[in-house]
Amino acid sequence: MLPRQRAEASHDSISKAKEPSQPNPLSKPPPSRSSPLPPPSPSHRESNLSPFPAQHPPPPPPPSQEPHAARQHAALARGIHLVVVGHVDAGKSTLMGHLLYLLGEVPERTMQKYERDAEKMKKGSFCFAWVLDETEEERSRGVTIDVGMSHFETDRHRFTILDAPGHRDFVPNMISGASQADAALLVVASSTGEFEAGFEHGGQTREHALLVRSLGVSQLVVAVNKLDTMDWSEARFYEIKEKLSLFLLGAGFRKDRVTFVPVSGFSGENMVQLKTEALQAWYEGPTLKECLDALEPPARALEREFRLPVTDYFKGGATAGSGGSLTVSGRVEAGTVQMGDLVTVMPVGDHGSVKAIEMNGEVVKWAVAGDNVVLTLNGVEVERVGIGNVLCSPQSLMPVADVVQVKIVTFDIAIPLTLGVPIVVHHQSASTPAIISKLVAVLNKSTGEVVKKNPRALPKNVTAIVDIKLERPICVELAKVSRELGRLMIRSGSTVVAAGLVTEIVNRVK
């Protein structure tokens, strides 16, 4: 497991989460389903399945020694980054921890230890959540704080799970996780009052869905969780599906890219097997595992120059014999990297060499765009590196800017954005104070034509061009070069107010 990302917000305002006492689900875990997927139901799932075979080939040689087509197939087959989002207490960590257990990723002895330890703290229902919530603070408070990371494989894909916090105080951490995602799992609680609290009364269900779509995620699985507490009510499932579908379509998701699935994260029902008669009576769609298998891996930017935004770092190597080295973790957003490569850390401009590469807990010789890796570097001091820095090829340095022009879309904000308003810009895992230094124009949403130049304010749900002056320079690409590295999220106070794409670097520092 990669180093966990650091919390960026105050933890004091969180109250302890509570879950009802329920029967022990650990007695006989159902086996993982390995049979072919059933014929798809148009109302429940997409029809396009991934073309990749069930068995992954052995690791190929370093990328410089094989044709690009072979490297691209190997890279795509490596997997999908899945961010798990939703309102606090929707059961995200419990659901994903239980899924990992059912798929054999958590040893029986380890799971039994979690159950005993949770019972000692009188939090027996949290045992599955502890698979991903590893810190003492998260376990004692029952709330995910950092972005937990884990891995599992299905018949078709290798997944990296990014378990994002659901509480509004940790939205910066959620953005950091979602910025690395290829697809999203939105978990909603179906129990009476819980769905409404997350969706209709200022909860995080709406905000998280908007954020992942604004960060470029187009594939979404909606897990309607805790439906066992509603006696597997068909009416409740379709009530939630109807309300969420209208909102998700308005947020920019396509209908054929959104799948709804009823589950119980605690009992494990319909996660890898459908066994409950009350659910079988009306539901004929896929299990959660099958929904995830149907996701499509995105094309990777293998031909572009190497780019790796730093999400965490520490002194000491990830491998034996490298105690004095610097280790960084992050996702390769573009290009390839292999042992011995020279890299430059931007914006500081320091040069180093790649001593070791670790992926999914294993030492490898190379990695490509889409891989989440831990790199051990020689020649770079730990004091010179920070979260949000970018490792890049010395022959193609990442641009560094302190003023950028951005095409933004404002969200459902109560107070219009005006000139000089203080904001926080989130770019990958970094957050930087800034101000809106110029309101350039308001655009027509459909055509992109200028509707009004130099507006006095930007109300909710408008598309506009603005200049943003950052308190300190950041590494940023134009969106037309790299959407992943040219995408920004904008917060004002505790609210995400807009998302945007960098269209011009107004003042390039390096």
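Which residues of H7 are buried? In this predicted model, they are Gln204, Thr205, Glu207, His208, Ala209, Leu211, Val212 and Ser214, where buried stands for under 20% relative accessible area, exposed for over 50% and partly exposed for anything in between (1.4 Å probe, protein chains only). Helix H7 covers residues 204-214, and because 8 of its 11 residues are buried, the rest of the structure largely encloses it. Helices (H or I, at least four residues) and strands (E, at least two) are DSSP runs, numbered from the N terminus. After H7 comes Gly216, with a positive phi near 100°.

Residues are numbered from 1 along each chain as its sequence is written, and side-chain values use heavy atoms, with hydrogens and water left out. As the model is predicted, local features need pLDDT of at least 70 and side-chain atom pairs count only at pLDDT 80 or more, while totals for chains, interfaces and linings use all residues.

Confidence is expressed as pLDDT, the predictor's confidence in each residue, from 0 to 100. The protein averages 78, and 75% of the residues score at least 70. Helix H1 (residues 68-78) has the lowest confidence, at a mean of 45, whereas strand E6 (residues 258-262) has the highest, at 96. Residues 1-23 stay under 50 in pLDDT, and the model gives them 72 contacts (heavy atoms within 4.5 Å) beyond four places in sequence. The pLDDT is also below 50 over residues 26-77, a stretch with 100 contacts in the model beyond near neighbours in sequence.

Beyond four places in sequence, His81 touches residues including Thr160, Gln180, Asp182 and Asn372. Gln428 lies in the loop between strand E19 (422-427) and strand E20 (430-443). Gln428 is buried at 8% relative accessible area, and its side chain reaches the backbone oxygen of Glu484 at 2.9 Å.

The structure holds 0 disulfides (pairs of cysteine sulfur atoms within 2.5 Å). The cysteine sulfur closest to that of Cys392 belongs to Cys475, and at 7.2 Å it is too far for a bond. Cys392 is buried at 0% relative accessibility, and Cys291 is buried at 5%.

Methods
Polar contact = N/O pair within 3.5 Å; in protein donor to acceptor, adjacent residues only side chain to side chain.
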